[in-house]
Amino acid sequence: MKKLMTLFSVGVDIPDMYTDIYRHCHPHDGMIQVSLLKQLVTLSGLSTEAQDKILSLIVPGTQFIGYHEFCCYLALIALSQHHMDVSLETVYEHRHDLPVPSFTDLDSFYAHKESPIVHDDNEYLVWYHKEQKEMNDWIMNRDHISLVRSIEKEGFLFKHVNYEVESEKLGTKVLRRFSDFWWLWDVLMKRYPYRLIPNLPPKKVGGRNDMFEERRRRGLSRFINAVVRHPILGKDDIVCMFLSHPSELNCWKKANSYSLDEEFTRLALNIIDLERMIPLDLEDRITRIKKRLPVSIQQYEHMYLLMNQMSKLKRALGMDYVRYSKTLNAVSDSDKECWIQDCPGCQKMVHGYECFSRLIHQAGMMLGKQSNTTGDRIIEELRHQKDLFESFKGLVERREKIVLIPEDRLSTLIARNKKAEIESSVHEDSLEPTHQPLGLSLNQQREVHMKYCLISELSYLHKQQYYISTMYNRYVKDEGLHSKQWSDHWKNIEMMVMELPNTPAYFT
């Protein structure tokens, strides 16, 4: 497939007929079913052997193809009809004069072709675009959670650390323990098994030092910020409570009941609309990204390590500048007592040492500040992106281990949650009957919802490129600003050293 994409991305002149046939096949999300290709090639007059060869070149083990593959497919048919070599290399050789295939009774094919769900219903389109807009707005106006270690408290056996969790959007500040974050993770995993649930830093008993505690704090910060960034998890009632309830969570848990049932049984769902949101090539998309995930995780891990190393080197260089300034101050103190009385050169040198030492010290502090702000920011974003890929990997693995729930159990859960929602009089406009009888069992409807969650999470994962783009834009601007400040600072140093004695005549 990669070779096909390469062939049709280097200036190929695609005949208009190729595009016309493609459009008449009514592609869904740019993809066409392979079954349509098999119907189309039968109208070409080619032998069964020639048809099988062309199909094997285009669709080795896939159910859908895109525009470029479809055009290459038509080109191969035309080559065979013109008794030319049927290969991708021949297609490339004739990229500027591709032959046009001929088919018998195309009109009949267009009229009777297999057609999947056509997604041109106005109500559906309005709903789809509304959902996309809501996701975009949520991402653009995300909350930011700051997390700071509080004073350690003595527990029954061990000290425990509290964290001040402050929500920028909610305007709240609460104290939470590490165990509270694990409770929240467990709740989200049960309530949203087919969503991107971020990972937590590992547990550890004993042997903890400041470096470990700081790594844990950063891991918890990435976790809670990933939760509030998510357009579904961030709106969850329990997440909002976690960020705003002033007392300890154990007190809230004792005083309140909450559901751990999965999303399908708790929420008002329109299965018909959800099914229409699922692209025909979902399985192909999942397969493709599943193959990419290990590589992407490794790449972002490597970039994180390199950026972390660069940041540490910059911080170490800043510390060396500071050490150098201190040593130069010591030299200045020594040279104040010159063995030649009233030596004008030494007096100027001492004054120059003091100024140079001060400016070098400032240079070191500038590097340290740059490392602590710009470096740490991009490092955390790279870790966040790696965490996202790992979360999606976990989602795919959970999906492969899906367990059917007995129909009567599902029915009971749906009825119980609906009754609880009615009794609480919350979201009254969403209490319409939503698990509609579609000729599908509840487990089949649950599978539709699961697939809808997968495509939604794929869309959300794709939109995370926005954060990467923003990260690099901000990083380049910060580096440019620091470079200008660095250059201006060294120009000041240059002006200062020009006042130092520059001839032997100063030293009599």
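Rings of Phe, Tyr and Trp, the last by its six-membered ring, count as a pair if their centres lie within 6.5 Å. The structure, a predicted model, holds 14 aromatic pairs.

**View 1. Tyr-22 and Phe-70 form a tilted pair.** The centres of the two rings are 5.8 Å apart. Their planes stand at 55°, so the pair is tilted. Tyr-22 belongs to helix α2 (residues 16-24) and Phe-70 to helix α5 (residues 67-81), so the pair ties together parts that are 48 residues apart in sequence. Tyr-22 and Phe-70 are both buried.

**View 2. Phe-178 and Trp-182 form an edge-to-face pair.** Here the ring centres are 6.4 Å apart, and the planes stand at 75°. An angle over 60 degrees counts as edge-to-face. Both residues lie in helix α9 (residues 178-191), where being four residues apart means that about one helical turn separates Phe-178 from Trp-182. Phe-178 counts as buried because its relative accessibility is 11%. Trp-182 has a relative accessibility of 23% and therefore counts as partly exposed. The cut-off for buried is under 20%.

**View 3. Four residues make up one aromatic cluster.** The members of this cluster are Tyr-163, Phe-181, Phe-223 and Phe-242.

**View 4. Arg-95 lies over the face of Tyr-92.** The distance from Arg-95 to the centre of the Tyr-92 ring is 4.1 Å.

**View 5. Arg-229 has its charged end over the ring of Tyr-467.** This charged end is 4.0 Å from the centre of the Tyr-467 ring.

Conventions: Residues are numbered from 1 along each chain as its sequence is written. This is a predicted model: local features need pLDDT of at least 70, side-chain atom pairs count only at pLDDT 80 or more; totals for chains, interfaces and linings use all residues. Side-chain values use heavy atoms; hydrogens and water are left out. Rings of Phe, Tyr and Trp (its six-membered ring) pair if their centres lie within 6.5 Å; planes under 30 degrees apart count as stacked, over 60 as edge-to-face and the rest as tilted. Helices (H or I, at least four residues) and strands (E, at least two) are DSSP runs, numbered from the N terminus. Buried means under 20% relative accessible area, exposed over 50%, partly exposed in between (1.4 Å probe, protein chains only). A charge sits over a ring if NZ of Lys or CZ of Arg is within 6 Å of the ring centre and within 35 degrees of the ring normal.
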